Amino acid sequence: MDLIIENLVTAFGMLLSWQILMYIPLGLMIGMTLGSIPGLSGVTAITLMLIPSYYMPSIVAIVFLTSIYTGSVYGGGITAVLMNVPGTPAAIATGFDGYPLTQQGKHSEALGLGLMASVIGFFISAVVIFILLFPIGKLVVKFGPPEILMVVVLAISSIGIVKGKFISTVMTGLFGIIIGTIGASPHGTPRGIFGLMSLYEGIPLIPALLGMLAVSELFFMVEKKMIVEKKEGPKQNMGKIIKGIKDTFKYWKTIIKSALIGTGIGLLPAAGSTIASMISYGFAKRNSDDPDKFGKGEPEGVVAAETANNASQGGALATMMTLGIPGSATTALLLAAFMIQGLTPGPFLIRDHLDFAYAVILALFPISIFLIITALVFVNYFSRLVFVPTFYIVPGIMLMAVLGSISFRSLQIDAIILIVFALLGYILKKLEYPLMGFILGFILGSLADTAFVRTMVLYSGEPLTVFKRPIFVVLFIITIMSFIYKPLKEKIFNNSN
Amino acid sequence: MIIYSTVYYLEVRNLGHFEDRILITAVFWFLLVFAVIEVIKNIKNLESDFKITKIFSNTNFIQELKSRKAIVFYSMLIYIIVIPFLGFFTTSFIVFATVVYLLGGRKIAMILIVDLGLCGGMYYLFVVLLRLRVPEGLFI
């Protein structure tokens with residue numbers, strides 16, 4: 001208990017800085033801006049901001065990027081409600097009832113409902129993970145190299161199950177691991193650099209992620225001249241938004257259920273806010289006295305979807321920090337941000353920097369408060385961003401991506417890496433291979449390499465004794481289950497048919 | 001994926017330390033097995049073109065080379081090549097205006113205002129605030 005209190009006090013001290021107060025609203029605004037533009041989302045926002053965040057103190061950088069994440073999830077809901085154009089996939093369920101409410105002239109109330117539901121969902125998940133962090137942390141500090149290796153394999157296979165494309169995900173994950181091991185080997189021998197000594201330290205994360213996540217998306221976006229054809233959007237009324245905020249509390253039971261569903265799904269590796277909001281929406285509909293109202297402008301539908309997709313962020317953050325497994329591309333980027341700051345999420349973070357982990361969770365509370373203020377002030381502007389022509393957005397992001405890639409090490413090769421990864425990302429997306437598998441393998445490749453080598457060295461004489469480690473055995477069984485789950489399910493399904 | 005992994009695997013195979021090649025060897029063989037399964041699955045699903053035509057779906061290769069995304073790709077290549085000669089911000093200013101025009105922007109004054117705002121904003125953030133070294137050439 002003393003350990004928790006001691007770390008909490010240090011964590012609280014870390015947050016007492018003017019920079020935190022400045023960067024939270026800035027991050028929320030950046031997140032809402034790009035989150036409300038379909039095709040860009042929080043992934044692009046965080047990728048572009050990785051370079052500036054590198055020059056901030058560690059806690060400020062992570063809080064700033066977390067604010068972008070939060071802002072983008074909420075921002076995606078604004079255009080879903082007003083135009084039925086979800087800014088992010090996580091906002092699809094929000095549009096089911098949000099847009100019908102707009103068609104009924106209740107768009108301001110719907111925005112108020114969405115805002116308050118987001119804030120409460122985010123708040124509840126922060127409380128839950130605040131309570132769970134230490135028990136989970138106590139478990140993961142027992143992890144050794146074999147368990148860490150198994151966690152990486154499990155993460156990639158579980159993405160395959162969640163995305164429904166098991167083989168292609170595992171393939172991209174394995175390819176990601178191969179790319180992630182380029183550079184110096186555990187013994188310092190160069191591998192896979194083909195004479196390019198600037199790759200000796202490995203492929204730099206920032207240009208690769210910028211290319212794969214931000215630039216590759218531009219090739220799709222540029223095909224359209226406008227994201228949404230310009231039309232007169234509905235004007236927001238502050239009084240009605242406040243009414244919507246108050247109305248949210250009528251659905252307190254749904255809020256609590258959706259927040260718990262969202263946090264729980266966020267905690268699962270590879271699940272994400274999209275799945276959380278869909279499941280929560282379905283759950284609210286099934287348990288409603290009048291399920292037929294859903295899809296026709298039922299405020300409870302907006303509340304269920306928005307609460308869950310925001311609550312999932314807390315869970316995903318907890319899994320990322322304790323196990324080192326990102327639940328989505330956005331948390332994968334946050335994981336990369338931790339690594340860029342010299343911190344390795346997972347057991348080592350909890351063992352060595354528990355105060356830091358608590359500071360990130362404590363920061364979620366001020367973020368949720370700032371979210372209300374920022375959203376209320378700027379909601380009218382964010383909803384109009386979809387009318388910006390793509391001929392401004394695409395070159396603008398291209399410039400920022402190139403600057404982000406070359407400013408990290410001031411090497412021309414980083415710009416080439418950006419282009420190569422952009423093409424790779426584009427081709428993978430076109431072929432419908434999940435990028436998430438690759439990104440996870442790429443980010444965790446060197447970790448897997450070290451863990452694998454250490455496991456081999458530890459158990460070189462008697463490899464089977466590794467099965468005397470109970471946590472390893474549990475993770476091993478779950479991993480094997482994840483590999484046979486889909487074929488087994490298909491076989492059972494076919495037999496029953 | 002397979003071609004690069006094979007080249008990488010063949011290179012790593014000659015490394016002296018067992019620990020330096022073990023993970024890559026294991027991952028390579030797993031990848032190969034999954035690739036074979038994927039190919040068999042695609043053949044079974046009568047996708048005998050192995051999805052590759054999806055990259056150029058609904059269009060032909062020549063049209064693809066002239067498309068809007070090709071403009072973005074070429075301009076990015078030229079941009080990266082020219083930066084060391086003209087400097088980052090000068091090149092960025094020229095490239096932004098050109099790409100906007102090529103993609104259909106016709107309000108010249110508006111393009112220049114946005115261009116100045118964007119390049120100025122990036123200069124302030126990266127050079128003034130973050131004090132980063134940005135490539136310079138003849139100009140800034």
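Which residue just after H14(A) takes a positive phi? A:Gly342 does, with a phi of about 85°. The model is predicted.

H14 of chain A runs over residues 329-340. Its twelve residues reach 16 Å from the first C-alpha to the last. That is close to the 16 Å expected at 1.5 Å a residue. The helix is mostly covered, with ten of its twelve residues buried. A:Ala329, A:Thr330, A:Thr331 and A:Ala332 are among them. The buried list also includes A:Leu333, A:Leu334 and A:Leu335, and A:Ala336, A:Ala337 and A:Phe338 belong to it too. What covers these residues includes helix H3 (41-54) and helix H13 (299-323) of chain A. H4, H9 and H19 of chain A are also part of that cover.

Now step back to the whole of chain A. Its secondary structure comes to 20 helices and two strands. Buried residues make up 61% of its 497 residues. The C-alpha trace spans about 70 × 60 × 50 Å along its principal axes. The radius of gyration of chain A is 22 Å, which agrees with a compact globule, because a globule of 497 residues would have a value near 23 Å. Contacts reach across the sequence as well. Of the contacts in chain A with a separation of 6 or more, 79% join residues 24 or more positions apart.

Next come two helix pairs. Two packed helices are described by the angle between their axes and the distance between the axes. The axes of H2 (residues 18-35) and H4 (residues 58-83) of chain A come within 6 Å. They cross at roughly 35°, and the crossing is right-handed. By class, this contact of H2(A) with H4(A) has 16 nonpolar and eleven polar residues, and no charged ones.

The second pair is H11 (residues 252-267) and H12 (residues 273-286) of chain A. Their axes come within 9 Å and cross at roughly 145°. H11(A) passes H12(A) in a right-handed crossing. From H11(A), the residues that meet H12(A) are A:Thr254, A:Lys257, A:Ser258, A:Ile261, A:Gly262, A:Ile265 and A:Gly266. H12(A) answers with A:Ile275, A:Ala276, A:Ile279, A:Ser280, A:Phe283 and A:Ala284. The residues of this contact divide into seven nonpolar, five polar and one charged.

Chain A also meets a partner. Its contact with chain B takes 46 residues from chain A and 49 residues from chain B. On the chain A side, H8 (166-180), H9 (205-221), H17 (390-409), H18 (412-430) and H19 (435-458) each supply at least two residues. H17(A) gives the most, with twelve residues. By class, the side of chain A that touches chain B has 31 nonpolar, ten polar and five charged residues.

Most residues other than glycine have a negative phi. A:Ser410 has a positive phi of about 55° although it is not a glycine. A:Ser410 is found in the loop between H17 and H18 of chain A. It counts as exposed because it has 11 C-beta neighbours inside 10 Å. A:Phe194 is not a glycine, and has a positive phi of about 45°. A:Phe194 lies in the loop between strand E2 (190-191) and H9 of chain A. With 11 C-beta neighbours inside 10 Å, A:Phe194 counts as exposed.

Terms used: Residues are numbered from 1 along each chain as its sequence is written. Chains are lettered from A and ligands numbered from 1 in the order in which they are written. This is a predicted model: local features need pLDDT of at least 70, side-chain atom pairs count only at pLDDT 80 or more; totals for chains, interfaces and linings use all residues. Axes are lines fitted to C-alpha atoms, for helices over the stretch in contact, and angles run from 0 to 180 degrees between N-to-C directions. Helices (H or I, at least four residues) and strands (E, at least two) are DSSP runs, numbered from the N terminus. A crossing is left-handed if the near helix is turned anticlockwise from the far one by less than a right angle, and right-handed if clockwise. Ala, Val, Leu, Ile, Met, Phe, Trp, Tyr, Cys and Pro count as nonpolar, Asp, Glu, Lys and Arg as charged, and the others, Gly among them, as polar. Two residues are in contact if their C-beta atoms, placed from the backbone, lie within 7 Å. The expected span of a helix is 1.5 Å times one less than its number of residues. A residue is buried if 20 or more other C-beta atoms lie within 10 Å of its own, exposed if 12 or fewer, and partly exposed in between; C-beta atoms are placed from the backbone. The radius of gyration is taken over C-alpha atoms; the globule rule is 2.2 Å times the number of residues to the power 0.38.
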